[in-house]
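Please keep the sequence at hand while reading.

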Amino acid sequence: MEQSPRIGDRITEKLEPPDDNTVRDWVGQKAFVHWVELRNWIGAYYPGVFAPDWLYAGKKRGWSLRYKKSKAFCTFLPEYRRFSVLVVLGRAEREKFEQRRYGWRSHLVNLYDQAKTYPDGKWLTAAISSAADRHDVTELLTMKRPPPSRG
């Protein structure tokens, strides 16, 4: 007997990467709006920079959508009834974060403080359930990699 998915479970069916309909059905309509908004924001602010790539990380971690050029930018995590974004902050980004520490929302600072630091950086995973959460992530991403000038 197969167990019903729980909030936060990943898409683990390996046959092929999920399409938009699968992601929407998995994360739910409200979370999917944030998924689309953030994808559109990346496309608008970083035109032609990233070619998002679906990655399969096994039965436990499932599918994720990675944005990367030479270094990872962010990774979208479609979770059951939830959408999260992983942002890895290297040494330079952590220094920038600390300089602005008191300008960030307290929720983001708590996530940052609780995130585990690995040799390649601090792995910050933020659940996106509001426009404010999405704004936090866009601020983190523009701090990590300023958008190309639009001139």
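Two strands are taken to pair if DSSP finds at least two bridges between them. The model is a predicted one, and by that criterion strand 5 and strand 6 (residues 121–127) are paired, because 2 bridges join them in an antiparallel arrangement.

- The 6 strands form an open sheet in the order 1-2-3-4-6-5, and their pairing is antiparallel.
- Its edges are strand 1 (53–56) and strand 5 (117–118), each of which pairs on one side only.
- In general, the strands of a sheet pair through backbone hydrogen bonds, in either a parallel or an antiparallel sense.

**Strand 6 and its partners**

- A hairpin of 2 residues connects strand 5 to strand 6, and within this pair tyrosine 118 has glycine 121 of strand 6 as its bridge partner.
- Strand 6 also pairs with strand 4, in the antiparallel sense and over 6 bridges; serine 84 stands opposite alanine 127 of strand 6.

**Helices packed on the sheet**

- Helix 4 (residues 91–99) packs on the sheet, where it touches strand 4 (82–89), strand 5 and strand 6, and its direction makes about 105° with that of strand 4.
- Helix 5 (residues 106–114) likewise packs on the sheet, touching strand 4 and strand 6, and its direction makes about 135° with that of strand 6.

How values were computed
Residues numbered from 1 in each chain as written. Predicted model: local features only at pLDDT ≥ 70, side-chain atom pairs only at ≥ 80, totals over all residues. Heavy atoms only, no water. Helix = DSSP H or I, 4+ residues; strand = E, 2+ residues; numbered from the N terminus. Contact = heavy atoms within 4.5 Å. Axes fitted to C-alpha atoms, helices over the stretch in contact; angles between N-to-C directions.
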